There are 2 protein chains.
Amino acid sequence: MSSKNIGTREKILKAAWELLEDNRAKSVRMSDIAKQAGISRQALYLHFPTRAEMLVATARYLDDVKKVDERLAASRAATTGVERLNAFIEAWGNYIPEIYGVAKAFIALQDTDEAAALAWSDRMQAVRHGCEAAVAALKKEGALSPDHSPKAASDILWTLLSVGNWEKLRNDCGWSQKRYIETMKLTARRVLVGEGAQR
Amino acid sequence: MSSKNIGTREKILKAAWELLEDNRAKSVRMSDIAKQAGISRQALYLHFPTRAEMLVATARYLDDVKKVDERLAASRAATTGVERLNAFIEAWGNYIPEIYGVAKAFIALQDTDEAAALAWSDRMQAVRHGCEAAVAALKKEGALSPDHSPKAASDILWTLLSVGNWEKLRNDCGWSQKRYIETMKLTARRVLVGEGAQR
DNA sequence: TGTCAACTTTACACAGTGTCAAGCAAAGGA
DNA sequence: TCCTTTGCTTGACACTGTGTAAAGTTGACA
């Protein structure tokens, strides 16, 4: 044990996750998390100095449990560029609903908390690398649309696949998850892949 | 005069706008707005019962000064569907930077304040109607891609043109406003317009 | 038996929103 | 001229949520 009780720390992270998961939008307070974890509010501060750092830890915990990086990396196995693009969209797009609660809390914190903003931007960079890899695969086989440089194409794909867009389509527009994935695949292909290599 | 001093009310709205405009991200407090308007914090509450209602009024004031609805309506003058789509993207896309400060404050409020959420969603519905009109124009001349129903196409266009996407591309990806507009036009065409009628 | 770590309880400082009440100054009747 | 109303000021305070501080409890382990 490096320090503290490892069990309590995990209880906290799980509690935070659970609350963020279904308490959508409503602010999850430190006291709520403590109650959920079955400990005192102050014990929380023994493990995490601030709310922001606790959320960062929660995000890491989630990534760890859910294995995002592995899932994103798996999309690299596809042979053709388009297949790879599809695999990446599927991997990330299906991951979003699993982290949505935590993601939303992070996005809300971005304006007020420097550390949280940094942590979130770091996680989003991982997604960006996935976008860049998919675009590079297209480029390599000449399938990338001549309208976009690889950087521009990555920017577009990254923006397209943002949590905000997922939220809008699923919540505001009432799309199903399946439809979201399929439309994203189609859209990405239309925008990024050159006319000759659409399929 | 219905009540209160109309001059002070406008001073407040202008002050709020100015602060939201360049105080990006940093939270603009009621006391900050009062100071900027040259009145006491309490006088603010004589005009607006809550921060949320003040922001709603600020948004309305902005729309009034900037004439969004007129600008969006102007895009309906275009003859062909694609031209209309372009005109709409240009009108709305160039409006975003002018309201970005206020928009951001609203988006931040969405989770905590019901009234603010409603007001913002109402404003976004206006944009949505513009999207629907542009899509309908495409559909009418058979230029709408067979991949999408009018509703789906509107959803996609609406999502594409969200403030969040503008923010990501301009701030995180470093795009120029001109580039944003041009790429959005191209993207919308690629995604929404059928193969035969791309230009 | 003593000590240490993890946790509890209680209390408080601080920021920001929103409320309340008393006072003040100018405009405009009667 | 006095009186009332309107729009504002000043100052105090309640409430919520975060984060700090300190003293007390409990159980493990040596």
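How many salt bridges does a search of the whole structure find over all chains?

## Salt bridges across the structure

The search turns up 26 salt bridges over all chains. Keep in mind as you look around that this is a predicted model.

The side chains of R29(A) and D32(A) form one of them, with 3.2 Å between N and O.

## A pair you can find in each chain

Next, look for D122(A) and R123(A), which are joined by a salt bridge whose closest N and O atoms are 3.7 Å apart. R123(A) is partly exposed at 22% relative accessibility, and D122(A) is partly exposed with a relative accessible area of 43%.

Now turn to chain B. There, the side chains of D122(B) and R123(B) meet in a salt bridge too, at 3.8 Å from N to O. D122(B) has a relative accessible area of 44%, so it is partly exposed. R123(B) is also partly exposed, at 24% relative accessibility.

## A network in chain A

Salt bridges can also link up beyond a pair. Which residues are linked in a network of salt bridges? They are R128(A), E132(A), K151(A) and D155(A).

Helix α10 of chain B runs over residues 177–192, which makes 16 residues. From its first C-alpha to its last, α10(B) reaches 22 Å, close to the 22 Å expected at 1.5 Å a residue.

Is α10(B) largely enclosed by the rest of the structure or largely open? Of its 16 residues, 13 are buried, so α10(B) is largely enclosed by the rest of the structure.

## How the two chains are related

Finally, step back and compare the chains. Chain A can be superposed on chain B by a rotation of 180° with 0.0 Å of shift along the axis, giving an RMSD of 0.0 Å. This is the relation of a two-fold axis. To locate the axis from chain A, find R190(A): its C-alpha is the nearest one in that chain, 3.0 Å from the axis.

Terms used
Residues numbered from 1 in each chain as written. Chains lettered and ligands numbered in written order. Predicted model: local features only at pLDDT ≥ 70, side-chain atom pairs only at ≥ 80, totals over all residues. Heavy atoms only, no water. Helix = DSSP H or I, 4+ residues; strand = E, 2+ residues; numbered from the N terminus. Expected span 1.5 Å × (residues − 1). Buried < 20%, exposed > 50% of the residue type's maximum accessible area, 1.4 Å probe, protein only. Salt bridge = Lys/Arg side-chain N within 4 Å of Asp/Glu carboxyl O. Least-squares fit on C-alpha atoms with pLDDT ≥ 70 in both.
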